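Subject: Handover of a protein structure

Dear colleague,

Please find below the structure that I am passing on to you.

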Amino acid sequence: MVKIIKDFIPKSNRNRPGNYMKPLYITVHNTANTAKGANAASHASFVKRSSTGVSWHYTVDENCIYQHLPLNENGWHTGDGRGTGNMKSIGIEICENADGNFEKAVENAQWLIRKLMKEQGIPLANVVPHKRWSGKQCPRKLLNRWDSFKAGIATAHTGEKATAKPVKNTSSKPKASKPKKSVNLPSGILKVTRPLTKGSAVKAVQQALAAVYYYPDKGAKNNGIDGYYGPKTANAVKRFQLMHGLVADGIYGPKTKAALQKALK
Ligand SMILES: [Zn+2]
């Protein structure tokens, strides 16, 4: 739960065009403003100035979230004119001020995105970087970890281990590389049972989950890829199902297999 402060741009401003919008996408930005004090409150006062030409829906920092526009009105934040980005997407700016905590702000943004996806019926596939609309290198601090950022939307503020850790060396390969297309996922049903379900089929599922950043136990030995279908693996399956529009029951069956195969491509 992060505090959301509604502080709307005055209706008389030219950066509040007031066009009706049914949001179909969520667009993520970084403020690119590293100055000290350039937090959400500071952007809220900037975007309310009558001279400001741009606008978006939310600014998120490590402490709180400011909302600048109602969700049924468009803003000018994606650089695609009257295209889909500006006319049909909710804009979220994540602060990167030098005196702030960027990773905490990222986690708050992930929490907000999960909430908006649920409330507005927006699928994870429609959570996109600003770059998608105009080619701009934005969100500049998240583009090199975009898949991991999206995977973290499922877990932010839920007490699960965060999956969006900062990438220290961008040139190093991620620990779990995507399996080749020849990956053989089992076609049966896998679930937590007693005695334990175990074996190479479970391992294949665990490896596939890890490759798309749903680690059975991130940080544990081999990220929890051990061939046992225990509660941690069931939890990883649950998180994956939740973010792919499936019944989140933690049971690996044909629908989960199909979604996992699709995610691996
Ligand atoms: Zn942007």
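Predicted model: local features only at pLDDT ≥ 70, side-chain atom pairs only at ≥ 80, totals over all residues.

Overall form. The protein chain contains eight helices and six strands. Read from the N terminus, the elements follow the order β-β-α-β-β-α-β-α-β-α-α-α-α-α. Along the principal axes, the C-alpha atoms fill a box of roughly 65 × 35 × 30 Å. The radius of gyration of the protein chain is 20 Å, which agrees with the value near 18 Å that a compact globule of 265 residues would have. Of the 265 residues, 40% are buried. Among contacts with a separation of 6 or more, 66% are made by residues 24 or more positions apart.

Strands. Strand S4 (residues 64-67) pairs with strand S1 (residues 3-6) in the parallel sense, over four bridges. As part of this pairing, Lys3 has Cys64 of S4 as its bridge partner. Strand S3 (residues 58-60) also pairs with S4, but in the antiparallel sense and over three bridges. Here Thr59 has Tyr66 of S4 as its bridge partner. S3 and S4 form a hairpin, with three residues between them.

Domains. The domain assignment divides the protein chain into domain 1 (3-152) and domain 2 (173-265). Their C-alpha centres lie 32 Å apart. Where the two meet, five residues of domain 1 are in contact with four residues of domain 2. On the domain 1 side, the touching residues are three nonpolar, one polar and one charged.

Core. Which residues have the most contacts inside the largest nonpolar core? They are Val60, Ile92, Ile94, Ala109, Leu112, Leu209 and Tyr214, in a core of 49 residues. Helix H3 (residues 102-120) gives the most to this core, namely six residues. Both domains take part, as the core draws at least three residues from each of domain 1 and domain 2.

With kind regards

Technical notes
Residues numbered from 1 in each chain as written. Core = buried A, V, L, I, M, F, W, Y, C linked by C-beta atoms within 7 Å. Buried ≥ 20, exposed ≤ 12 C-beta atoms within 10 Å, placed from the backbone. Helix = DSSP H or I, 4+ residues; strand = E, 2+ residues; numbered from the N terminus. Domains from an automatic or database assignment. Pairing = 2+ DSSP bridges. Rg over C-alpha atoms; globule rule 2.2 N^0.38 Å. Contact = placed C-beta atoms within 7 Å. Nonpolar A, V, L, I, M, F, W, Y, C, P; charged D, E, K, R; others polar.
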